[in-house]
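Thank you all for making the time this morning.

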Amino acid sequence: MVVPLYKLQCLLKHVHMLLLCLGIAYLMAGSLLLLQRSNVRVGHSSLTNLPPLSLAAPPLALRTVGTVGLGVRARSRWATVPVSGGAARPSRNIAASRSLGVQHLHRRWFHNLLPEGSEQRLSVYRSRHKGTYMGCFLHNASDQALGGTILYDLRKMTSALCQDTCSESGYQFAGLEYGAECHCGNRISSSRAPEEDCSLMCRGERGAPCGGVGRLSIYKVEEQLPGHRKFRNVHYRGCFQLLKNTIGTFPVYAFQPNLTAQSCIETCTDKELPLAVFSRPHCFCTWASSLFSANQPSDSQQCVDTSGPNQTGAALPTAHTEADHYQVYQTPVLDSRCKERMFLPQRSSSLVALSSFPGAGNTWVRHLIELVTGFYTGSFYFDGTLYNRGFKGEKDFWKSGRSICVKTHESGQKEIEMFTSAILLIRNPYRSLMAEFNRKCAGHLGHASDAQWKSKEWPEFVSSYAPWWASHALSWLKFGQRLLVVHYEELQTALIPQLRRIVSFLNVTVDEERLLCAQGNQNGHFKRSGSQRPSFDPFTPDMRSAIDSLIHDVHQALQSRNFTGLPQEYLPR
């Protein structure tokens, strides 16, 4: 009996030793592999020779998330944690140089770029596009090369896409950063950087320089003849009566005998000013102000002599009376006073929901809130399209407390009670249903075709989504702890007062200039144009009867909670 026990004991000792040796070997192999990779990457000559600048760190790396199909909403497991820093003078500090090298590696891993080799260096690049490559320039918080519009596309950014975007927005220069961000401007306001600093490739175009960490690869876009430039996002603000001593304070003035609204818009766009004030032969450029409130325009007939962006004709008399009428256009230029955005500097312990039924304008209201507060909004979901368009809070964990509010369409009691307060956004159900059907069929900015409106999918959509419109509002009214009810239509007609209500509810202090800036840039790139509608009424009498009954239920619930009822236009007649 003793001998078998002794043999068993020896066997167990051998097994223990074998397992211990295997564990040690496994750890050593993993350590050697990590060291080897670290030496290959950080020890690379292209990194150790980079200038040791202290730059604003990019967001933490994010894994590539599969494309989310229309109508499918998925939550990303990954969150961005941007770390800000200021610019410092170059030095020979090795630690700083390695820090910049790590940032380059970080961005390269984020964009799934190949390891940099000698054959991939971009010291000189000849653009295959019509624009002219100007070089690599500094671009950080304190030294921005281009100060205009910003476009994000983390999947397919190319130099051509960036140049086209900037050209259509009225800018002369296009700059690419991080391989995925496009910056526009009409002048380069920073100094050159070494070409090797702009070593990141474009996400959608191998071989083209797309900037680096705090560096822009800048192109001069193809020049077009005056009057032939095509702009996006030019909006007619209305006809305004302005005093002579008022227009004399505007920063830019131009006089041309055969001036047109188009040439005035071009002039103000080149000067990077958001408003063009036009009365032939006079053109003024200025910032948004209370003078151009949406509630104060005059009768458009007062400006009929110069109506239309390309109207030409005999010049008007140059002598002005004390108060003249002017056409006012919103240029493609983003007002810089509300361009910068960031996450909350300190994590908030309270979660504020921006809750709405799909199609109620949640994305547009998020855009407005970010403009007026300067803070990113988060999302209970993940939408790669919105993230690529600049909603950086899309990939931040919704409970992180770093966003000013969190988008949600949820309406269950458990989900509602996770938020300490909420902005409940309500829109006319007829328009909400059509907007959501458009989104499902053609994306955030597209429109469904007549064939899709006539298909069997539309009645099925209405029968399932119309009750959801009502149950969503009723649930938040029942279970919401602290609510601010905002009606989409009232935002459209009285933007500034409604924004004041929202920022007061969010406990954020904003100045008047920021509010006016938000008003001037209210449409952005996130609001679907309402010009394209189906050629027939898609709602049948049965559909209208059911929806009208739901409207009545929500109206009564609002009044029972001491809120103002639904706007009169919702109510069935």
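Predicted model: local features only at pLDDT ≥ 70, side-chain atom pairs only at ≥ 80, totals over all residues.

**Cores, strands and salt bridges**

The largest nonpolar core has 41 residues, and those with the most contacts inside it are I426, L433, W458, W469 and L566. By nonpolar core I mean a set of buried Ala, Val, Leu, Ile, Met, Phe, Trp, Tyr and Cys residues joined through side-chain atoms within 4.5 Å, where buried means under 20% relative accessible area, exposed means over 50%, and partly exposed lies in between, with a 1.4 Å probe and protein chains only. The elements that give two or more residues to this core are β16, α10, α12, β17 and α16, and the largest share, 10 residues, comes from α12. Helices here are DSSP runs of H or I with at least four residues, strands are runs of E with at least two, and both are numbered from the N terminus.

Residues are numbered from 1 along each chain as its sequence is written, and side-chain values use heavy atoms, with hydrogens and water left out.

Which residues does W458 touch, leaving aside its neighbours within four places in sequence? With contact taken as heavy atoms within 4.5 Å, W458 meets L433, M434, F437, Q452, W453, P538, F539 and M543. Apart from this core lies another, of 30 residues, among them L354, W364, C405 and I502.

Turning to the helices, the axes of α10 (residues 429-442) and α16 (residues 541-560) come within 10 Å and cross at roughly 120°; the axes are lines fitted to C-alpha atoms, for helices over the stretch in contact, and angles run from 0 to 180 degrees between N-to-C directions. At this crossing, P429, Y430 and L433 in α10 meet R544, I547, D548 and I551 in α16.

Next, an open sheet of 5 strands has the order β14-β15-β13-β16-β17, with parallel pairing, and two strands count as paired if DSSP finds at least two bridges between them. β14 (378-379) and β17 (483-487) stand at the edges with a single partner strand each, so one side of each has no neighbour in the sheet. Strand β16 (residues 421-426) pairs with β17 over 5 bridges, and L424 has V485 in β17 as its bridge partner. Helix α12 (residues 457-479) lies across β13 (352-356), β15 (406-408), β16 and β17, running at about 150° to β16.

Elsewhere, 5 bridges join β3 (residues 173-177) to β4 in the antiparallel sense, and the two form a hairpin with 3 residues between them, where Y178 in the turn has a positive phi of about 60°. In β4 (residues 181-185), 5 of its 5 residues are buried.

Finally, there are 8 salt bridges, each being a side-chain nitrogen of Lys or Arg within 4 Å of a carboxyl oxygen of Asp or Glu. R215 pairs with D197, the closest N and O atoms being 3.0 Å apart; R215 lies in β7 and D197 in the loop between β4 and β5 (201-202), so the pair ties together parts that are 18 residues apart in sequence. Both R215 and D197 are buried.
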